[in-house]
Amino acid sequence: MQTAEISRRYIDYFAERGHTVVPSASLVSDDPTLLFTVAGMVPFVPYLTGVVPAPYPRAVDVQKCIRTNDIEEVGKTARHGTFFQMLGNWSFGDYFKEGAITYAWELLTRSEADGGLGFDERDLWVTVYETDDEAAELWQKLIGLPAERIQRLGKADNYWHTGQPGPGGPSSEIFFDRGPKYGRDGGPAVDDSRFIEIWNLVFMQELLSEVRSKVDFDVAGPLPKKNIDTGMGLERVAFIKQGVENMYEIDQVRPVLDRAAELSGRRYGAEHEDDVRMRIIADHVRSSLMLMSDGVTPSNEGRGYILRRLLRRSIRAMRLLGVEGPSFHELFAASRDAMKSAYPEVATDYAHLEQLALGEEDTFLRTLASGTSILDVAVTKTKEQGSAELAGDTAFLLHDTYGFPIELTLEMADEAGLRVDRGEFDRLMKDQRDRAKADAKSKKRVLADLSVYADYRAKGETIFTGYTELQT
Ligand code: ATP
Ligand code: MG
Ligand code: MG
Ligand code: MG
């Protein structure tokens, strides 16, 4: 079942049950405290908190999401993308636990022939919040799920709130069991590579008067209007339904992975480290394409910095696969072709998106070429001295003169088996900032940190429109 087909079935199922179909909001969130839309819930926050009355009692959507906090997991776990799509059904003061549980179960287990997703109910497990007897009972009595496949977990796993006083409530999550080949028995509470979380149902039922942390908050009382917020990971369901090993092998992502394999002449499946790199490339190229399509351009701060990091990590991963020259031309085209049926704008705006990607690639390949030789020399010297730690001033030089983000130096040092003297690096960075402040005080003109452009400016080029904002 193609990814688009899963999405279509989800939307149709809920639309047929009175849900208004709402288009995805941008990846660039309206919420100034968030860099990106990290969950389907984000665009609905005003309705969920009651700040704005919901224009419909029920809604369904597929929301584009970016989660940078999952970046280290990408390619290593089967289930974490920096970009992914969250399908959601919403009830604003309308149906509650029973409705949400019944709908989710029915859609998952109804046969494919009948418009469902065709999961075998014996493969599904659920978790509920430790004190949520109501949800546990619904799963057991109404759905008929055996008690041993219902696990109770605490606040860290099964309680949702925004981090602010306001609505909160227990959640119930649905997991797919991939079988003993993938890990230990004992359900999602025991093993998260065998038991894949596919759907999170949040029951917003109480008002929190104070929130000190994820697990430490005070409940003031029940909410007058209870809401349902759910999130099903489209890529996760897709990889299970497509019978592949992970989300990077689904129809919307795999073509990029294959292109990376072809360009490098290495075979996917032959060597674990290479496989991880190919998966990282497939993920990051897609995330970058989608971010640029929502108007983000590479830069040195905020959203643009995240995009830059994704682009640069892809380039680095290609290099580790042995490809030293440019490859974005091929990789982005592959991602465009895989994504355009779901997001036609990636094809219609492609010339512009490609220009941004190729510009970043060109700059970074030059940066890498000069910085890498400096780093190689430093690594050899460090090892000759019998040390396992790269000096902080080398990391600083790489940052300051060669435009290496510290994350890059950390990664490259790690690949060479070295730590980095981070304390010294941070001290040198602080000194530099202090000097800049002192300069500012003495009324000298101070620019934002443009060091990453050292290489680029040295050549006196002004090629990339996306950079102009940083050049003034
Ligand atoms: P996990 O524990 O696997 O990291 P999560 O609990 O962080 O997932 P939620 O915040 O509950 O995820 O998001 C709702 C759903 O969105 C998840 O059940 C999952 O199907 C999907 N999802 C979450 N994060 C990702 C991701 N990084 N890549 C792909 N799908 C994701
Ligand atoms: Mg997570
Ligand atoms: Mg989870
Ligand atoms: Mg979850």
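In which helix is the place of Met429?

**View 1. Met429 in helix H15 of the predicted model.** In this model, which is predicted rather than experimental, Met429 has its place in helix H15, a helix that comprises residues 422–441. Met429 counts as partly exposed because 17 other C-beta atoms lie within 10 Å of its own, whereas a buried residue would need 20 or more.

View 2. The chain is divided into domain 1, which covers residues 3–241, and domain 2, which covers residues 253–470. The C-alpha centres of these two domains lie 33 Å apart, and contact between them involves 15 residues of domain 1 and 18 residues of domain 2. On the side of domain 1 that touches domain 2, eight residues are nonpolar, five are polar and two are charged.

**View 3. The largest nonpolar core.** The largest nonpolar core holds 102 residues, of which Ala104, Val256 and Ile281 touch the most other members. Helix H8, formed by residues 272–293, gives the most to this core, contributing nine residues, and at least three residues are drawn from each of domain 1 and domain 2. Another core, of 14 residues, lies apart from this one and has Ala395, Leu398, Met412 and Val420 among its members. In soluble globular proteins, nonpolar side chains tend to be buried together.

View 4. Helix H3 runs over residues 97–109, and its 13 residues should span 18 Å at 1.5 Å a residue, which agrees with the 18 Å between its end C-alpha atoms. Its buried residues are Lys97, Ala100, Ile101, Tyr103, Ala104, Trp105, Leu107 and Leu108. When neighbours within four places in sequence are left aside, Ala104 is in contact with Ile174, Trp199, Leu201 and Thr230.

**View 5. The shell around ligand 1.** Ligand 1 is surrounded by 17 residues, the closest being Asp70, Phe84, Asn200, Gly231 and Gly233. Two or more residues of the shell come from each of strand S3 (83–92), strand S8 (195–213), strand S9 (216–233) and helix H6 (234–241), and the largest share, four residues, comes from S8. By class, the shell around ligand 1 is made up of six nonpolar, five polar and six charged residues.

**View 6. Helix H6 and what covers it.** Helix H6 is largely enclosed by the rest of the structure, because seven of its eight residues are buried. The buried residues of H6 are Leu234, Glu235, Arg236, Val237, Ala238, Phe239 and Ile240, and what covers them includes helix H1 (3–15), strand S2 (58–66), S3, strand S7 (166–177), S8 and S9. After H6 comes Gly243, whose phi is positive, near 65°.

**View 7. Gln140 in helix H4.** Gln140 has its place in helix H4, which comprises residues 133–142, and Gln140 counts as partly exposed because it has 15 C-beta neighbours inside 10 Å. Its contacts, leaving aside neighbours within four places in sequence, are with Leu145, Ala147 and Ile150. Gln140 and Ile150 are 10 residues apart along the chain, and their C-alpha atoms are separated by 7.9 Å.

Terms used
Residues numbered from 1 in each chain as written. Chains lettered and ligands numbered in written order. Predicted model: local features only at pLDDT ≥ 70, side-chain atom pairs only at ≥ 80, totals over all residues. Core = buried A, V, L, I, M, F, W, Y, C linked by C-beta atoms within 7 Å. Buried ≥ 20, exposed ≤ 12 C-beta atoms within 10 Å, placed from the backbone. Domains from an automatic or database assignment. Contact = placed C-beta atoms within 7 Å. Near = placed C-beta within 6 Å. Nonpolar A, V, L, I, M, F, W, Y, C, P; charged D, E, K, R; others polar. Expected span 1.5 Å × (residues − 1).
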